[in-house]
Amino acid sequence: MTMLFGRQAFVDLLHSEGVTHLFGNPGTTELPIMQALPQRPELRFVLGLQESVVLAMADGYARASGRLTAANVHVAPGLGNAMGALYNAKFSGSPIILTAGQQEQGHGLQEPLLYEPLAPLAAPLVKWATEVTRIEDLPRVMHRAAKVALTPPTGPVFISLPGDVLNAQAEIDLGQPSRVDARVRPSDEALAQLAEWLLQARHPVLIAGQELGRQGALGLAAELADLLGMPVYQESVPYRTAFLTDHPLYMGMLTRVQAQVRQVLELHDAVFCLGADLLRMSVYSPVDPLPPQARVAHLSERSWELAKNHPAQWAACAHVGETLQALLPVLRQRQTDAQRQQAKARAESVRRSNWTQQREQAMRLARSHADTRPMPAAVLCQVLAEHVPAHAIVLEEALTSSQPLPAMLRQTHSQAFFGLASGGLGFGIPGAVGMSLAQPDRPVVALVGDGSAMYGIQGLWTAAHLKLPITYVIAQNQGYRIIKERLVSMQGCDQFIGMDMNDPVIDHVLMAQSMGLSACRITDPADLAAALQRGVASGGPNLIEVRVANGFGN
Ligand SMILES: Cc1ncc(C[n+]2csc(CCOP(=O)(O)OP(=O)(O)O)c2C)c(N)n1
Ligand SMILES: [Mg+2]
């Protein structure tokens, strides 16, 4: 046992749990932590200039690394600022230990500036929220937090750190990290049932989800699709790459329009939902996206998702990759010659209209609009899809401007694409910072709407400060185009109050330059490819503002 300050124990415990970056924004209540950091240089502090940005950077890091990540924010107002980003992290399942400095116990009782109990604030959005009340409890709390965050369903946890605990000194045993192996698979009996269920289906379809990308199980999912000749759709929320787009059975992403999804699934009698959310939608519709004849089998490590909205004929809470490893030989062994022939015939017909075919058409159509001014979003996406290097990470938060992207961007590895997980804006710019830190060998291209950019704009500074290889592409349509479109389509109203950003126009080039990025403005599609290539090749932070059509006449 060693004599340690609470502050030192805290950073040592993060280090012992394998944490390499502490994303943070310091205030007075975090001073003990800032004092301890120089003694633990392995733990790199990454400064974010607003707490929502701090947490979004941590979320990006966790999503692109799959590793335990730490973030620290400043008491109640800082935690409040971070709540939108915490909501995003919850939906991404990001294993983040979020901490906040807190006023000294007892002092808080007198309600000084900045005091508010913190754990109840964070509790609704995290797996576990607590306050450390004695220095001796720090190791137990920290190790438990790490275990809880990393055990499926993974997700953020919150710890409040009062100043008196951080500044106390005691003989502390720092203990050891524990890891729970959750790579479990269903019983042999359940696997046999699933195999028969899949083999009996006449028109099976696979919905591929985020867990496949997270677990590096894209190859196994492709083998499954091949074996059964079933078309594959990516789940309706674009968390991340969930299937290899060039695979001949890949059909594209499901939309979040209930009637469209239903039309797709109408053709199928069996829906295998693999590591995915079953049809998470966005806006209300009276249409059920799952048609009644479609029976469901659902496999996920997130038990809450199983049979959540739709009954499942077969469901298991298990590791998708391990389950596929065990399922494939069972399927091969049980598949009859007749079933093999059926699978082959199904695969043949899917090939004719698969994603690759659709992509060619979409790209051709977009190229034919290359002279349209302002640039249509499809042209922007086509140029991106053609010129972003294959090993890059593409991250999108661009609403209407990224709608054409999933139909165009080839995804050839599990980090190829990340999207907006929860619907909460503000992830794009700072999330790219975290992703770049997590995957330093991959250039990051972040396509962000001009409106979305303003929810996390401070992230540009951290990208510049750390000289990260990120190319921000800002789709500048001078407003909230998606909200306007919805006002028209849902409410029948075209009086746009509070949806324009054209008086004054925001100059993202100057904004980026003021924070230390190189930046340029593109209005002509012919110049975009070169700007993109220059930006990526620079190996540093840069921003391209692209003027795109706003859909309402300019
Ligand atoms: C935190 C948060 N605030 C507000 C919204 C509502 N919202 C959804 S899309 C959107 C507009 C986004 O504008 P932009 O990024 O420019 O994309 P565009 O609609 O122009 O394509 C807004 C304000 C939200 N989803 N999240
Ligand atoms: Mg916009």
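Colleague: What makes you say that both faces of strand 15 are covered?

Modeller: This is a predicted model, and in it Ile393, Leu395 and Glu397 on one side of strand 15, and Val394 and Glu396 on the other, are all buried. In general, the side chains of a regular strand alternate between the two faces of the sheet. A residue counts as buried if 20 or more other C-beta atoms lie within 10 Å of its own. As 5 of the 5 residues of strand 15 (residues 393-397) are buried, the strand is largely enclosed by the rest of the structure.

Colleague: Why is helix 1 described as largely enclosed?

Modeller: Helix 1 (residues 6-16) has 11 residues, and 9 of them are buried, so the helix is largely enclosed by the rest of the structure. Among the buried residues are Phe10, Val11, Leu13 and Leu14, but also Arg7 and Asp12. After helix 1 comes Gly18, whose phi is positive, near 90 degrees.

Colleague: What makes strand 7 a mostly covered strand?

Modeller: In strand 7 (residues 157-162), 6 of its 6 residues are buried. Val157, Ile159 and Leu161 lie on one side, with Phe158, Ser160 and Pro162 on the other, and both faces are therefore covered, each of these residues having the 20 or more other C-beta atoms within 10 Å that the word buried requires.

Colleague: How do you know which neighbours strand 7 pairs with?

Modeller: Again we count bridges: 6 of them join strand 7 to strand 5 (residues 96-102), and 3 join it to strand 6 (residues 129-131), so each pair meets the requirement of at least two. Both pairings are parallel. The bridge partner of Gln102 in strand 7 is Pro162, and that of Glu131 is Ser160. From strand 6 the chain passes through helix 6 (residues 138-150) to strand 7, and this β-α-β crossover is right-handed. In the loop between helix 6 and strand 7 lies Pro153, which is joined to Pro152 by a cis peptide bond with omega at about -5 degrees.

Colleague: Why are strand 11 and strand 14 called edge strands?

Modeller: The sheet they belong to is open, with 6 strands in the order 11-10-9-12-13-14 and parallel pairing. Strand 11 (250-253) and strand 14 (314-317) each pair on one side only. Strand 14 is joined to strand 13 (residues 295-300) by 4 bridges, and there His298 has Ala315 as its bridge partner.

Colleague: What makes a residue part of the shell around ligand 1, and how many are there?

Modeller: The C-beta atom must lie within 6 Å of the ligand, and 19 residues surround ligand 1, with Thr400, Gly449, Gly451, Ser452 and Ile482 the closest. Helix 17 (450-453) and helix 19 (481-491) are the elements that give two or more residues to this shell. By class, the shell has 6 nonpolar, 11 polar and 2 charged residues.

Colleague: Finally, how does the radius of gyration of the chain compare with that of a compact globule?

Modeller: A compact globule of 554 residues would have a radius of gyration near 24 Å, and the chain has 24 Å, so the two agree.

Technical notes: Residues are numbered from 1 along each chain as its sequence is written. Chains are lettered from A and ligands numbered from 1 in the order in which they are written. This is a predicted model: local features need pLDDT of at least 70, side-chain atom pairs count only at pLDDT 80 or more; totals for chains, interfaces and linings use all residues. Ala, Val, Leu, Ile, Met, Phe, Trp, Tyr, Cys and Pro count as nonpolar, Asp, Glu, Lys and Arg as charged, and the others, Gly among them, as polar. A residue is buried if 20 or more other C-beta atoms lie within 10 Å of its own, exposed if 12 or fewer, and partly exposed in between; C-beta atoms are placed from the backbone. A crossover is right-handed if, with the strands pointing away from the viewer, the path from the first strand over the helix to the second runs clockwise. The radius of gyration is taken over C-alpha atoms; the globule rule is 2.2 Å times the number of residues to the power 0.38.
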